[in-house]
Amino acid sequence: MLKRQAYPRGARPGQRATPDSLGHVKLDPQLIERPKVLGEETAAWKIWKLRFENFLRMLDSRFLPPMREAEAFTTPLPAIPASHLGIDAFILTELVGLTTGVTLEVAMAAPSGLEAWRQICREKSKLVAGSQLSRIEKLLEPNFGAETDFKESWHRWGRELVEHQALLSGVLSDTVKIS
């Protein structure tokens, strides 16, 4: 995630970062690779979210706690505390710069960066859950095609079962697979 041969603000060669007066580690934003722009693909959400959170954590370790707190809210966020206004503004700026389509519209319509993050996480989580349900449905009702393709289809289905084992967690016993 860090670019090669780069040093944090105020750091000497060999020193990774310098904490501020409160002990929070801050890195120069020019030294950290930003995540790529998030498109509308549902499958890309989890990876992008991880990269975005890591990008912000590398900039300043104080970003993640308010983001996680906002993500846990099921209702709109109350007023943002004064201590988080800088974090909130930066998150909104980054979301506007790193999203497109409907996600960008959600970010721009939100009253704050943390509220935009909450809404985006909530919306994307619903899409991911729906995608998982359709995968489970396909796995539970396999189509093995014509007799000539049966063996290949059977093996493909077996690989998909292994790949999505976490989704199925105990749904398919060996008896059910055989039937």
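Keep in mind as you look around that the model is predicted.

How do these two helices lie against each other? Two packed helices are described by the angle between their axes and the distance between the axes. Here helix 3 covers residues 85-98 and helix 4 covers residues 101-109, and they pack at an angle of about 155° with their axes 9 Å apart. Angles over 145 degrees count as roughly antiparallel, and helix 3 and helix 4 are therefore roughly antiparallel to each other. The crossing of helix 3 past helix 4 is left-handed.

Now step back to the whole chain. The protein chain has eight helices and two strands, and reading along the sequence gives the pattern β-β-α-α-α-α-α-α-α-α. The chain has 179 residues, of which 31% count as buried. Among contacts with a separation of 6 or more, 59% are between residues 24 or more positions apart.

Next, look inside. In soluble globular proteins, nonpolar side chains tend to be buried together. In this model, the largest nonpolar core has 26 residues, and those with the most contacts inside it are Trp 48, Phe 52, Leu 56, Met 67, Ile 91, Leu 95 and Trp 117. Helix 1 (45-59), helix 2 (64-72), helix 3 and helix 5 (113-140) each supply at least two residues of this core. Helix 1 gives the most, with seven residues.

Not counting residues up to four places away in sequence, Leu 56 touches Phe 63, Met 67, Phe 90 and Ile 91.

Finally, return to helix 3 and find Asp 88, which lies in this helix. Is Asp 88 buried or exposed? Buried means under 20% relative accessible area, so Asp 88, at 8% relative accessibility, counts as buried. Which residues surround it? Leaving aside neighbours within four places in sequence, Asp 88 is in contact with Ile 80, Ser 112, Gly 113 and Leu 114.

Technical notes
Residues numbered from 1 in each chain as written. Predicted model: local features only at pLDDT ≥ 70, side-chain atom pairs only at ≥ 80, totals over all residues. Heavy atoms only, no water. Axes fitted to C-alpha atoms, helices over the stretch in contact; angles between N-to-C directions. Helix = DSSP H or I, 4+ residues; strand = E, 2+ residues; numbered from the N terminus. Parallel < 35°, antiparallel > 145°, perpendicular 65-115°, else oblique. Left-handed = near helix turned anticlockwise from the far one by under 90°. Core = buried A, V, L, I, M, F, W, Y, C linked by side-chain atoms within 4.5 Å. Buried < 20%, exposed > 50% of the residue type's maximum accessible area, 1.4 Å probe, protein only. Contact = heavy atoms within 4.5 Å.
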